[in-house]
Every structure is written in C-alpha cells, then in structure tokens.
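Keep the viewer open as you read.

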Amino acid sequence: VMSFSLSRSRADYDAAVTQFPTSVPASWVGADSAACQTMLTNVSGLLTALATRYDTASSKVGVIELRNSPDGSSS
C-alpha cells in the first residue's frame with residue numbers, strides 16, 4: 001500500500017518536472033533575468049535531490065513491506 005502511494009507520488013513528480021523550466025527565455029535580459037535564472041538553477045538542484053530521496057524512500061518502503069508481508073515476499 002505504501003509503495004503504491006509512493007509510486008503514484010513519484011509519477012506525479014516525474015510529470016511535473018517535465019513542465020518545469022530550466023532556463024529563462026533568451027529574450028529576458030538584465031539583473032531580474034539573472035536572478036530568475038539563479039533561482040531556476042537552485043530549484044533544479046533541489047528537484048534532483050528530491051528524485052534521489054524518492055529512490056531511497058522506495059527502497060526503504062520495499063524493505064518494510066517485505067518484512068510485514070505474511071509470506072515474507074513483497075507484492
């Protein structure tokens with residue numbers, strides 16, 4: 001059950017990441033453009049870190065579900 005919820009959440013995350021811009025439009029110039037690009041770069045790093053945490057969580061949930069399985073095997 002936990003793995004299903006986590007899997008659905010990861011699918012939503014993966015879909016959202018494809019919509020996230022990684023750079024400002026070329027037509028944007030000046031300090032505001034640079035500041036926005038810096039923030040986009042920082043958020044991209046956070047999104048990458050979140051993906052790693054999803055992978056870790058999936059692994060840990062798999063171990064928990066296996067341990068709690070009546071027959072000792074994951075579903």
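## Charges and surface

Let's begin with charge. The chain carries 5 positive and 6 negative side chains, and the centres of these two sets lie 8 Å apart. Please keep in mind that this is a predicted model.

As for the surface, the chain exposes about 5,600 Å². Carbon and sulfur atoms supply 62% of that area. Buried residues make up 13% of the 75 residues in the chain.

## Overall form

Helix 1 covers residues 2-19, and helix 2 covers residues 31-68.

What are the spans of the C-alpha trace along its principal axes? They come to about 60 × 15 × 10 Å. The radius of gyration is 18 Å, whereas a compact globule of 75 residues would have a value near 11 Å. Turning to contacts with a separation of 6 or more, 58% of them join residues 24 or more positions apart.

## The nonpolar core

Which residues make up the largest nonpolar core? There are 5 in all: Leu 6, Tyr 13, Ala 51, Tyr 54 and Val 61. Both helix 1 and helix 2 contribute, each with at least two residues of this core. Helix 2 gives the largest share, with 3 residues. As general background, nonpolar side chains in soluble globular proteins tend to be buried together.

Leaving out residues up to four places away in sequence, Tyr 13 touches Leu 47, Thr 48, Leu 50, Ala 51 and Tyr 54.

## Along helix 1

Met 2 is found in helix 1. Is Met 2 buried, partly exposed or exposed? Met 2 counts as partly exposed because its relative accessible area is 43%, which falls between the 20% and 50% cut-offs. Leaving aside neighbours within four places in sequence, Met 2 is in contact with Val 61, Ile 64 and Glu 65. Met 2 and Glu 65 are 63 residues apart in sequence, and their C-alpha atoms are 7.9 Å apart in space.

With a relative accessible area of 52%, Asp 12 is exposed, because exposed means over 50%. Asp 12 and Ile 64 are 52 residues apart along the chain, with 23 Å between their C-alpha atoms.

Gln 19 is another residue of helix 1. Its relative accessibility is 64%, so Gln 19 counts as exposed. From Gln 19 to Thr 38, the separation is 19 residues in sequence and 18 Å in space, C-alpha to C-alpha.

## A stop on helix 2

Val 43 lies in helix 2. The C-alpha atoms of Val 43 and Ser 27 are separated by 21 Å, and the two residues are 16 apart along the chain.

Notes
Residues are numbered from 1 along each chain as its sequence is written. This is a predicted model: local features need pLDDT of at least 70, side-chain atom pairs count only at pLDDT 80 or more; totals for chains, interfaces and linings use all residues. Side-chain values use heavy atoms; hydrogens and water are left out. Helices (H or I, at least four residues) and strands (E, at least two) are DSSP runs, numbered from the N terminus. Buried means under 20% relative accessible area, exposed over 50%, partly exposed in between (1.4 Å probe, protein chains only). A nonpolar core is a set of buried Ala, Val, Leu, Ile, Met, Phe, Trp, Tyr and Cys residues joined through side-chain atoms within 4.5 Å. Contact means heavy atoms within 4.5 Å. The radius of gyration is taken over C-alpha atoms; the globule rule is 2.2 Å times the number of residues to the power 0.38. Accessible areas come from the Shrake-Rupley method with a 1.4 Å probe; for residues, only the protein chains shown count as cover. Lys and Arg count as positive and Asp and Glu as negative; His and the chain ends are not counted. The place of a charge is taken as NZ of Lys, CZ of Arg, CG of Asp or CD of Glu.
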